[in-house]
Amino acid sequence: MDPPIHHPLGKRPAAEDDSVISDCESGVSGGDTAAGFVPADENADLVRTRFVRGLAAHGLKPEVLAVGRNACSSVMAQARQHSFHVFARAVAKLRDGNANVKFAWYGASSKEEISDIVQNGFFGHAHGNGLRLFPQDSPLESVKSSVVDKDGLRHLLLCRVILGKTELVPRDSNQCRSSSEEFDSGVDDLSNPKEYVIWCNQINTHVLPEYVLSFRFPSPLKGHVKIGEPLRPSSPWMAFPALISVLSKILPPPDIAYIAKFHKDYREKRISRHELIQKVRVIAGDKLLFSVIKSFRAKKIPASFKANKGNEWQAESQQLER
């Protein structure tokens, strides 16, 4: 059994499990980390080991280049950290002393996305019916949802998550909030969950990013499993306003509002074109974007996406091939 990841202050939120990560204090580890993170503390080796071991079971051998810790250097970051502890205690009181706090992975599209999450929280990064994260011992799905950046690296966030009392929420479900006050979050399997669902109204109070892990796979990739790269939208060219117009017939209004905001930020030179594209890919998914752009000249929305309101693309943007 792996040793727990200790809380250096010797104090932790009510009813957290033995794998509690420390409050935001700096430590020592190597490698370049994302903005808002500092070199990791003594827990870095344990985080790295658990991640590598989780992928080794699938024949994957990642090269971990850096592990960083959330520095919580801004006033708002410290406020979100405090809020997380307050809600952990509140949920524990509601659930017979058990807030059911777990570790979970989140696959990011870039260091820029991670920096935005650290600065502003997860609002704008949860799409559809909530924020989906994956248990610490099952990093593969988060790897599949991550995107290789311009340096050939992938980035994952390791977060603490307040699950409270969970209910069954299948992947193809349109559920967007707890079915009753009896529940706090969703899982794909009550006995052996491989996916956690945190509802949109709780993502900045029930999820606390603690570590960022940057890694890559050797080339050529050796092992029994291959992580396929997402389809990248290409020709025919499509103007961005036209793309937004088509996506508005498929995606939920909140997602379209975020895309429009990012497009406005790009036009006002607040973000780069690369950042804009990465953000839209995270929201819409590469499979949907590829299909929409490809069919643009025919002036029709892909029927398969329209029929199910775009639910399937969320799980399909990254492919796992055996």
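K144 is buried, with a relative accessible area of 12%, where buried means under 20% relative accessible area, exposed over 50%, and partly exposed in between (1.4 Å probe, protein chains only). The side chain of K144 meets that of E141 in a salt bridge with an N to O distance of 3.1 Å; a salt bridge is defined as a side-chain nitrogen of Lys or Arg within 4 Å of a carboxyl oxygen of Asp or Glu. E141, for its part, is partly exposed, at a relative accessible area of 26%. Because E141 and K144 lie 3 residues apart in helix α4 (residues 140-145), about one helical turn separates them. Helices (H or I, at least four residues) and strands (E, at least two) are DSSP runs, numbered from the N terminus.

The model is predicted, so that local features need pLDDT of at least 70 and side-chain atom pairs count only at pLDDT 80 or more, whereas totals for chains, interfaces and linings use all residues. Residues are numbered from 1 along each chain as its sequence is written, and side-chain values use heavy atoms, with hydrogens and water left out.

One of the pairs is formed by R95 and D184, whose side chains meet at 2.7 Å, N to O. This pair links distant parts of the chain, 89 residues apart: R95 belongs to the loop between α2 (75-94) and β3 (101-108), and D184 to the loop between β6 (166-168) and β7 (185-187). R95 is buried at a relative accessible area of 18%, and D184 is buried at 7%.

A further salt bridge joins K165 to E182, with the closest N and O atoms 2.6 Å apart. K165 is partly exposed, with a relative accessible area of 35%, and E182 is partly exposed at 40% relative accessibility.

Helix α7 (residues 273-284) comprises 12 residues and reaches 16 Å from its first C-alpha to its last, close to the 16 Å expected at 1.5 Å a residue. The expected span of a helix is 1.5 Å times one less than its number of residues. The buried residues of α7 are L276, Q278, K279, V280, R281, I283 and A284. Just after α7, G285 adopts a positive phi of about 85 degrees.

On the scale of the chain, there are 10 helices and 11 strands. Buried residues make up 51% of the 322 residues. Of the contacts (heavy atoms within 4.5 Å) with a separation of 6 or more, 74% are between residues 24 or more positions apart. The accessible surface comes to about 15,500 Å², of which 53% belongs to carbon and sulfur atoms; accessible areas come from the Shrake-Rupley method with a 1.4 Å probe, and for residues only the protein chains shown count as cover.

Confidence is expressed as pLDDT, the predictor's confidence in each residue, from 0 to 100. The chain averages a pLDDT of 77, and 74% of the residues score at least 70. Among the elements of the chain, β6 has the highest mean pLDDT (96) and strand β11 (residues 320-321) the lowest (32). The pLDDT is below 50 over residues 229-236, a stretch with 20 contacts in the model beyond near neighbours in sequence. Over residues 305-322 the pLDDT is also below 50, and this stretch has 40 such contacts.
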